Structures are given as C-alpha cells and as structure tokens.
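Let's take a friendly walk through a protein model, starting with a group of rings and ending with the chain as a whole. Have the structure open as you read.

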Amino acid sequence: MASKPHPPLMKKHSQTDLISRLKSRKILGVGGEDDDGEVHRSKISQMLGNEMKFAVREPIGLRVWILISAVGFTVMAVMALVFPNQLYEVVFEEELSTTSISIRLYGGALLSLALIMWNGLYTAEKIVIQWTLLSEACYFAVQFLVTSITLMEIGILPNGAILLLLSRVLFLVVTMSYYYHLGRKLKKI
C-alpha cells in the first residue's frame, strides 16, 4: 500500500497575528499581573521569580554599623582575653579579687559574636543580616541587665559603669532600629 503524500503544512506567523499571540500568552499565563502585582514577560521569569524581589534594600549606614560592631566586639574580645584584670578595673573601678577565667570566658563569647558580625558584614542575604543584628541586640540587652544587677548588688555606681550602661542602651536602640528597617516590607509603587 502506498502512502499518500501529505499536503504542505501551512505555517502561521504568530508574531504578526496579534490576537493569536495574546491568546497564547493568556493560555501560558504570562503577560498579566500575578497576585503580587508583578507583570511577567515570560513563563521562565514567572517560574523563577523576579530577582529584584530578593534584593535587599539596606538602610543607610547598615554596613558601617555592622563594621563598627565587628571591630568593637573584636577589640573587646582581645582585651578580655589578654588583659582581663585591666578590663574589669576600667568598668568597676576596683581590682578583680577572684580568678580572671570568667573574664576570659566572656572574651571568648565576645570573639564568637565578633565572628558572626564579620560574617554579617560580607553577606548579601537578608536573613543572615537580620540574625546578626538580633544576636547583637540580645547581647546588648543581656549585658545591660547583668551589669545593672551586678552594680545594684555591689552597691556602687562608678563612672565607667554608667558610661557602659548608657552606651549599651544606645547601641541596643541603633541595632533594633536597623533590624526593624531591614525587616519592613517595602510598598510597591
């Protein structure tokens, strides 16, 4: 049995046929707005998402603040590890009567936080920066509480300790404001 030759195929020029093109885009689900109000130009961009959605809009001075924090935590950690007695004397204006191991452990904890700060400085991921700021804020809050309770137990209020407490409140406010501004949802225009 001989096969019949097929008639030549008619090609449709969809680029020139506007109605056909719009119908195809509607069937594919591209060209219109999605739930977030974004218009996707292709199915690939719709599937992958818009990379601008994941870009972090950082508050002004955020990287500088994280750099200052990283340097500050590193310097305090080194001071607590190398010169524990002198660090205690600066804050409480009295000599350390017990062993200096607790101050050195404090320095080790500060060094760990400093490593988190340095990592937060070089990352582009919003969640890592937020956790970095939250870790810093928790540290400032805990240090403020512990220092306040210690000063009340001792019954003295040296100038160095007052300066430390005021600086911790200021640093906590700045860190939490950056945390708040970084976590805000931006309104679409």
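Trp65, Phe73, Tyr139, Phe140 and Phe171 form one aromatic cluster. Rings of Phe, Tyr and Trp (its six-membered ring) count as a pair if their centres lie within 6.5 Å. The model is predicted, so local features need pLDDT of at least 70, side-chain atom pairs count only at pLDDT 80 or more, and totals for chains, interfaces and linings use all residues. Residues are numbered from 1 along each chain as its sequence is written, and side-chain values use heavy atoms, leaving out hydrogens and water.

**Aromatic rings**

- Searching the whole structure turns up five aromatic pairs.
- One of them is Phe140 with Phe171, a tilted pair with 5.5 Å from centre to centre and 50° between the planes. Planes under 30 degrees apart would count as stacked and over 60 as edge-to-face, with the rest called tilted.
- This pair links distant parts of the chain, as Phe140 sits in helix H7 (residues 126-154) and Phe171 in helix H8 (residues 159-183), 31 residues apart.
- Phe140 counts as buried because its relative accessibility is 3%, whereas Phe171, at 26%, is partly exposed. The cut-offs are under 20% relative accessible area for buried, over 50% for exposed, and in between for partly exposed (1.4 Å probe, protein chains only).

**Helices H6 and H7**

- The axes of helix H6 (residues 101-122) and H7 come within 9 Å and cross at roughly 150°. Axes are lines fitted to C-alpha atoms, for helices over the stretch in contact, and angles run from 0 to 180 degrees between N-to-C directions.
- That angle makes H6 roughly antiparallel to H7, a label used for angles over 145 degrees.
- Residues of H6 including Tyr106, Leu110 and Leu113 meet residues of H7 including Val128, Ile129 and Tyr139. Contact here means heavy atoms within 4.5 Å.
- Tyr122 is also found in helix H6, and counts as exposed because its relative accessibility is 66%.
- The C-alpha atoms of Tyr122 and Leu67 are separated by 9.6 Å, while the two residues are 55 apart along the chain.

**The whole chain**

- The protein chain has eight helices and zero strands. These are DSSP runs, numbered from the N terminus: helices (H or I) have at least four residues and strands (E) at least two.
- Of its 189 residues, 26% count as buried.
- The mean pLDDT (the predictor's confidence in each residue, from 0 to 100) is 79 for the chain, and 68% of residues reach 70 or more.

Terms used
Parallel < 35°, antiparallel > 145°, perpendicular 65-115°, else oblique.
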